[in-house]
Amino acid sequence: MSINILMPALSPTMTEGTLSRWLKKEGDEVKSGDVLAEIETDKATMEVEAVEEGFLAKIVVPDGTEGVAVNAVIGVLVEQKGGAVDAPAAEKPKAGAAKAEVAPAPKQEASVQVEEHGERVFASPLARRIAKQSGIDLAGIKGSGPNGRIVKADLDGGPVAVASVAAPAPAVAAPAAAPAPKPAAAAPAIAGAYKKIPNSSVRKVIARRLLESKQTVPHFYLTVNVELDALLDLRARLNATSPKDGPGAFKLSVNDLIIKACGVALRRHPAVNASWTDEAIIQYEDVDISIAVAIPDGLITPIVRKADALGLAAISTTMKDLGARAKAGKLKPDEYQGGGFSISNLGMFGISEFSAIINPPQAAILAVGAGEKRAVVKNDQLAIATVMSATLSCDHRVVDGALGAEFLATLKGLLEEPLGLML
């Protein structure tokens with residue numbers, strides 16, 4: 001008896017994936033829980049575990065195969081080593097079986113010989129039909145086709161002899177022909193030496209989702225400048241209380257404090273923690289924040305669940321774990337799917353300010369820049385402060401300008417007076 005191994009659906013949006021590599025080879029024993037293969041999904045590269053036991057008798061889909069449909073057979077298990085496979089696990093489509101029907105090419109105008117007013121006139125059937133409908137006397141037209149044959153082009157322009165018998169008026173005026181669609185612009189020529197890097201499944205999904213977001217979501221942007229000196233001082237004091245090592249050790253980052261502040265601000269402004277649908281605006285009960293993490297193929301957004309209720313040390317530990325496993329491609333689907341709000345922080349790269357694209361179906365994303373020394377005015381005096389610019393991208397269908405401004409005002413207050421995060 002043989003058992004088919006099927007391409008799994010590793011996320012709700014997955015319809016196909018890339019079989020990166022097999023970790024078992026034909027003939028190997030397979031136990032329940034063994035890792036069979038690595039599958040590149042629309043989000044990350046994930047390991048597929050065996051649910052049945054036996055021996056891998058046949059690999060149907062080889063390493064590196066792209067576009068493998070969910071539930072397609074990728075391999076076959078048998079109960080005993082060397083056992084026969086019951087039936088072909090996956091048959092290649094027979095040649096021509098899946099060919100699309102091709103419309104027959106239009107026939108060329110055939111040369112026919114007709115009698116017009118006692119003379120022999122050579123004309124194509126199409127030219128004769130046009131002449132009959134338009135009342136044109138073919139005897140007075142010189143054909144441009146082979147051997148003087150009259151073709152359609154001879155009737156399209158230039159003077160023609162109109163028959164003395166008027167052609168019957170059509171009962172209904174024919175609609176004007178629609179203008180032919182413009183041909184697609186040719187791809188620009190590539191000059192110089194180059195190499196082609198095939199798009200991974202992750203990169204294709206990122207491209208599709210961001211294009212969809214930018215084209216269909218009405219973005220607007222709000223920027224606020226936040227003084228960070230009090231936050232940096234609190235961070236230093238808290239890190240100083242951490243044990244050097246062991247289970248209770250932690251090291252807070254500025255991003256950890258921003259996650260906590262966003263969680264509290266979203267709890268106070270639940271209308272920002274929402275998504276748009278045509279039927280209703282969905283407001284989420286939990287404050288789950290997606291954090292953009294760079295990976296080799298692009299980015300992924302692991303989620304800090306219930307960020308408003310977590311302590312700072314718990315947020316720091318959670319982010320270190322999620323970030324490490326995200327870069328290694330080891331996240332589980334429920335660890336990056338969902339979320340009601342996103343944060344993208346490029347401050348560590350020295351970026352002062354930027355605007356992020358909303359991560360659908362969420363309604364907002366916060367773009368965080370670097371904290372840098374800037375001149376500020378305090379009590380009518382010029383002073384120096386560490387200032388960070390943060391830009392909120394909003395879906396205007398869900399978040400209006402006043403709501404976005406109120407959220408940012410709350411966030412600014414929490415970051416500039418960070419002791420409120422400890423409550």
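Okay, let's start where two helices meet: L257, I258, A261, C262, V264, A265, L266 and R268 in helix 5 touch F407, T410, L411, L414 and L415 in helix 7, contact being heavy atoms within 4.5 Å. Quick caveat: this is a predicted model, where local features need pLDDT of at least 70 and side-chain atom pairs count only at pLDDT 80 or more, while totals for chains, interfaces and linings use all residues. Numbering runs from 1 along each chain as its sequence is written, and side-chain values use heavy atoms, leaving out hydrogens and water.

So how do helix 5 and helix 7 pack? Their angle is about 135°, and the axes lie 9 Å apart. That makes helix 5 and helix 7 oblique to each other, meaning neither under 35 degrees (roughly parallel), nor over 145 (roughly antiparallel), nor 65 to 115 (roughly perpendicular).

Both helices turn up again around helix 4, residues 229–240. Helix 4 has 12 residues and spans 17 Å from first C-alpha to last, close to the 16 Å expected at 1.5 Å a residue; that expectation is 1.5 Å times one less than the number of residues. Its buried residues are L231, L234, L238 and N239, buried being under 20% relative accessible area with a 1.4 Å probe, protein chains only. These cover an arc of only 130° around the axis, which puts them on the same side of helix 4. And what covers them? Helix 5 (254–268), helix 6 (312–327) and helix 7 (401–416) are among the cover.

Last stop: G369, in the loop between strand 19 (364–368) and strand 20 (372–378). G369 is buried, at 5% relative accessible area. Its C-alpha is 5.5 Å from that of I351, 18 residues apart along the chain.

Methods: Helices (H or I, at least four residues) and strands (E, at least two) are DSSP runs, numbered from the N terminus. Buried means under 20% relative accessible area, exposed over 50%, partly exposed in between (1.4 Å probe, protein chains only). The arc is that of the directions from the helix axis to the C-beta atoms. Axes are lines fitted to C-alpha atoms, for helices over the stretch in contact, and angles run from 0 to 180 degrees between N-to-C directions.
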